[in-house]
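The sequence and structure come first.

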Amino acid sequence: HAIRSEYIRCSVGQFCPRTVHIAPQATQQSPQLRLYSSDPALCSIQIPGGFLETSPMGGQFNIAVTPSATGTHCVRLHAVDQAARTLVAAWLVNIAADPPQIKSAHEIPIPVGVEVMKRLVFRNESNQSNTFVVVSSMPSVLSVRTPTLCMNARETQYIELVFRDQVHSGVLARPKECFLFIWSEDRLVQECRLLRVVYT
């Protein structure tokens, strides 16, 4: 099967949707397909369970690209006939991730040799309730204890963070820059904060 190419350019921390089309010749004998991504964290299939009902006229499905690092990335997508277990279509998604648009930056001093919990203030600026998803670009350094925030209009809550101990064999870790991505459920809010972790 020929591999088709898709090109997506977006900024780090953005939620970038895209519709992928399946040619009719790939679906004429395959009424149900199972879709796979080689890197779901970077490029996810936006279909519950990954199953797609098709027609002889072809089909389409949605993906979402959410890069957490700058540079170029490649992800393979496969469509497999659910009954015959055969590959019927494949795509190579080429992603160009630009530096993020940073709303605010924070320098966080962390004492060496310990795991530290901190809180970051976040406010829902809209006049309606919303659910927000919070994601760290570097979970091994900075993890999020409150990955989901259900907030009323104009409400303020704390994002609870855990800064991991980065001292290994007595060697002090260098400062690290982590991105904190905050997305509203409707994707109208896509915010990026830079946290510069300095070990003291």
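What volume does the largest pocket have? The largest pocket has a volume of about 210 Å³. The model is predicted: local features need pLDDT of at least 70, side-chain atom pairs count only at pLDDT 80 or more, and totals for chains, interfaces and linings use all residues. Residues are numbered from 1 along each chain as its sequence is written, and side-chain values use heavy atoms, with hydrogens and water left out.

**Largest pocket**
- A pocket is an open set of points on a 1 Å grid over the protein atoms alone, where a 1.4 Å probe fits, with protein on both sides within 12 Å along at least five of seven lines; its volume is the space filled by probe spheres set on the points.
- The lining (residues with an atom within 4 Å of a point) has 14 residues, and Ala41, Leu42, Thr66, Pro67 and Ser68 lie nearest the centre of the pocket.
- β11 (130–136) and β15 (176–184) are the elements that give two or more residues to this lining.
- By class, the lining has 8 nonpolar, 5 polar and 1 charged residues, where Asp, Glu, Lys and Arg count as charged, Ala, Val, Leu, Ile, Met, Phe, Trp, Tyr, Cys and Pro as nonpolar, and the others, Gly among them, as polar.

**Overall fold**
- The protein has 0 helices and 16 strands, taken as DSSP runs (H or I of at least four residues for helices, E of at least two for strands) and numbered from the N terminus.
- Its C-alpha atoms fill a box of roughly 60 × 45 × 30 Å along the principal axes.
- Of the 200 residues, 43% are buried, meaning under 20% relative accessible area with a 1.4 Å probe, protein chains only.

**A three-stranded sheet**
- An open, antiparallel sheet of 3 strands has the order β10-β14-β12; strands pair if DSSP finds at least two bridges between them.
- β10 (116–123) and β12 (142–144) are at the edges with a single partner strand each, so one side of each has no neighbour in the sheet.
- Neighbouring strands here are turned by 35° against each other on average, direction ignored, with axes as lines fitted to C-alpha atoms.
- β10 and β14 (residues 156–163) are joined by 8 bridges, and Arg119 has Glu160 in β14 as its bridge partner.

**Cysteines**
- The count of disulfides (pairs of cysteine sulfur atoms within 2.5 Å) is 0.
- For Cys43, the nearest cysteine sulfur is that of Cys10, 10 Å away; Cys43 is buried at 0% relative accessibility.
- For Cys178, the nearest cysteine sulfur is that of Cys192, 11 Å away; Cys178 is buried, with a relative accessible area of 0%.

Terms used
Axes fitted to C-alpha atoms, helices over the stretch in contact; angles between N-to-C directions. Buried < 20%, exposed > 50% of the residue type's maximum accessible area, 1.4 Å probe, protein only.
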